[in-house]
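I opened the file to see how the chains are built and how they meet. My notes follow in the order in which I looked things up.

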Amino acid sequence: MSAITLPYHSQLKREARAEWVFRGLTVASAALVLILLAGVLMALCYGGWPALRTFKFGFLTREVWNPVTDQFGALAPLYGTVITSLIAMLIAVPLAFGIAVFLTETCPLWLRGPIASCIELLAAVPSIVFGIWGLFVLAPVLQHSVQPWLIGTFGDLPWIGKLFRGPPYGIGLMTAGLVLAVMVLPFITSVMREVFLATPRSLKEAAYGLGATQWEVVWDVVLSNSRAGIIGGMMLGLGRALGETMAVTFVVGNAHRISTSLLAPGTTISASIANEFTEAVGTLYTSSLIALGLLLFVLTFTIIAAARLLLLQIERRGARV
Amino acid sequence: MSKFISKVTATLGAVALLGSAGSPTLAGDISGAGATFPYPIYAKWAETYKQQTGIGLNYQSIGSGGGIKQIEAGTVTFGASDKPLEVADLKQNGLLQWPMIIGGVVPVVNIPGIKPGDLILDGPTIAAIYMGDISRWNDAAIQKLNPKLTLPKLDIAPVYRSDGSGTNFLFTNYLAKVSPSFSQKIGANTSVQWPVGIGAKGNEGVANQTTQTSGAIGYVEYAYVKQTGMTYARLLNHDGKYVAPEAKAFQAAAASADWSKAEGYYLILTDQPGSESWPITGASFILMHADSKDASTVAALKFFDWAYRSGQKMAEDLDYVPLPDKVIKLVQKTWQDSLKVNGKPVWAAR
């Protein structure tokens, strides 16, 4: 090192270099994710190409999944994925809403922390544990009491009866949806709780001051203030539900069939891949499984993109008001 | 800067030295990958072999499909598959295959009042159940096989293995052999498209679902039935005799099969002749390159030879069935005649 003549100059230079390196690192991190994503997409397209080329559009519209005759269609797993996720969201979203309102509005302060931690602990349970719980604990209960009751009560009704027919196996689309609901609950709840907490206190107090009831405050002030956050939380949960593999594989019944009954066994995209990939022999078979992966990728991407658009619209409308 | 470079070269040199010092112990190790069904016994053999000889075996149970791909790519010394490769596939990839261990598949049922071994079934009846053609336990076809039993008017709930497996392959292969309509409509594979029933994951999933559902029928590996005491059914075999799932019944099926005429050991042991043969029996296979450059080839053969000779007791303890002696002799003849390293035969008769 030579004698220091311009101390500030060299320090500035060093800082500028550090700044440059720092910026480079952040750009590289972001770029790495994009490259990985592109790599995954390319690998899925490449791997799934033989199946897509053979079956063309029929891959999406056919129910058949026959490794013996090498005929594959993705409709049954696609249907199962959507239905189980839908059941999970129908149960988890209202429940999460209730929990979040309770935790932010009505719960005594000393109880908030413990309840919130318990719900977040649910997110830390490995999915295989949920699967085993679903198979050994939930399924027998459903099979021996809940499902026979559902079949007896609703089975003969027109329209709605179609959802509750067939023998009570205990496992099937409904069981998978229930297990998924428990699994996505902590994600949706914690996001909802955060956005509810973010509602300005002054707004709520002003509403109470005008004589609003607790329900009116929650519905008109808190909820309308946190719509974007709620949708974000729902998407997080939905993303998890669509891709969940292990727990679903245990309880969905794994049948490549489409049935109107929620009690019937079905399959999902990730469950099919997990079940069959290890012992799949033959190009078309493995390729079809990879094409299923591509399909899930596209499905998740579409849903996230749709959610983004929805959020954008809400924000714009909010700005106008 | 130059100091830094010299430091780096020194470190690299040290790493290289360490690497070369470490490699001789690694070279002795044998690597294999494939089927999950024989994993427990291969792992047990490997552990004992390591204690006795110091040579390790690293077996990854990634599934038969993965095992076949890895041996074709040459990343492992041997592959393992529950479903034998066809002769054309073997020739195309320059592979040899031979049977290593025997297992069997056993139908299990859950019918109120029926104890293990009470119920008798035959192949065509099971096929009809799994195709949905027979849907009640008191169906005439089942009653005819069991004139002494009073069977309930209960719906049959067929349970199948949802994960691709050798168990599925043996079961469907047997049904396809004995029932032309099963062969035509469903066929045999590690996974098939079942028209009815519910899919459960793994032996434990099928066992659990069968135990929970009144009127269920499932199929699991023999070891699983023996260890859990599930209600198994007896089967009517190729010779028209009733057999119970026992080690000697599986061995009888393997012994009565004519391996010497099966090119590339492409032989599936289902529906074999012999009055004592269990009809849903199968072998798990080892795959190796017929002419390899892999230095571990001889070590692997020594291990298999040791397993054939000294590993039988261990196999029986884990409820696998060892190969009959005459089949082992045949396999070792194949090693002697057809297995080469760098173009030279490596196995001498003992």
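**Entry 1: a term first.** I count two strands as paired if DSSP finds at least two bridges between them. The model is a predicted one.

I began with one pair in chain B. Strand 6 (residues 157-161) and strand 8 (residues 216-221) of chain B run parallel and share two bridges. I looked up Ala157(B) and found Ala216(B) as its bridge partner in strand 8 of chain B.

**Entry 2: confidence.** I checked the scores before going further. Chain A has an average pLDDT of 88, with 97% of the residues at 70 or above. For chain B the mean pLDDT is 85, and 91% of its residues reach 70 or more. For the complex, I noted an ipTM of 0.71 and a pTM of 0.77 from the predictor.

Where pLDDT is low, predicted coordinates should not be read in detail.

Helix 3 (residues 75-106) of chain A has the highest mean pLDDT, 93. Helix 12 (residues 283-320) of chain A has the lowest, 85.

**Entry 3: the eight-stranded sheet of chain B.** I traced the strand order as 2-1-3-11-4-8-6-7 in chain B. The sheet is open, and its pairing is mixed. Which strands stand at the edges? They are strand 2 (57-60) and strand 7 (198-200) of chain B. Each has a single partner strand, so one side of each lacks a neighbour in the sheet. On average, neighbouring strands of this sheet are turned by 25° against each other, direction ignored.

**Entry 4: helices on the strands.** I then looked at what lies on these strands. Helix 11 (residues 247-256) of chain B lies across strand 4 (95-110) and strand 11 (281-289) of chain B. Helix 11 of chain B runs at about 55° to strand 11 of chain B. Helix 12 (residues 297-310) of chain B packs on the sheet too, touching strands 1, 2, 3, 4 and 11 of chain B. Its direction makes about 70° with that of strand 1 of chain B.

**Entry 5: the three-stranded sheet of chain B.** I found an open sheet in the order 5-9-10 in chain B, with mixed pairing. Strand 5 (120-121) and strand 10 (242-243) of chain B stand at the edges. Strand 9 (residues 234-236) of chain B runs antiparallel to strand 10 of chain B, and two bridges join them. I looked up Leu236(B), and its bridge partner in strand 10 of chain B is Tyr242(B).

**Entry 6: a helix pair in chain B.** How do helix 5 (residues 123-131) and helix 7 (residues 166-178) of chain B cross? Their axes come within 9 Å and cross at roughly 110°. That makes helix 5 of chain B roughly perpendicular to helix 7 of chain B. The crossing is left-handed. Gly123(B), Pro124(B), Ile126(B), Ala127(B) and Tyr130(B) in helix 5 of chain B meet Tyr174(B), Leu175(B) and Val178(B) in helix 7 of chain B. I sorted the residues of this contact into seven nonpolar, one polar and no charged.

**Entry 7: helix 6 of chain A and its partners.** I took helix 4 (residues 109-124) of chain A next. Helix 4 packs against helix 6 (residues 173-197) of chain A at about 140°, with the axes 7 Å apart. That makes helix 4 of chain A oblique to helix 6 of chain A. The crossing is left-handed. By class, this contact has seven nonpolar, two polar and two charged residues.

Helix 5 (residues 127-154) of chain A also packs on helix 6 of chain A, at about 130° with axes 10 Å apart. Helix 5 of chain A passes helix 6 of chain A in a right-handed crossing. The residues in this contact include Phe130(A) and Leu138(A) of helix 5 of chain A, and Val179(A) and Met183(A) of helix 6 of chain A. I counted eight nonpolar, three polar and no charged residues there.

**Entry 8: where the chains meet.** The contact takes 28 residues from chain B and 27 residues from chain A. On the side of chain B, helix 3 (64-73), strand 7 and helix 9 (202-212) each give two or more residues. Helix 3 of chain B gives the largest share, four residues. What classes make up the side of chain B that touches chain A? I noted eight nonpolar, 17 polar and three charged residues.

Notes:
Residues numbered from 1 in each chain as written. Chains lettered and ligands numbered in written order. Predicted model: local features only at pLDDT ≥ 70, side-chain atom pairs only at ≥ 80, totals over all residues. Axes fitted to C-alpha atoms, helices over the stretch in contact; angles between N-to-C directions. Parallel < 35°, antiparallel > 145°, perpendicular 65-115°, else oblique. Left-handed = near helix turned anticlockwise from the far one by under 90°. Nonpolar A, V, L, I, M, F, W, Y, C, P; charged D, E, K, R; others polar. pLDDT = per-residue confidence, 0-100. Contact = placed C-beta atoms within 7 Å.
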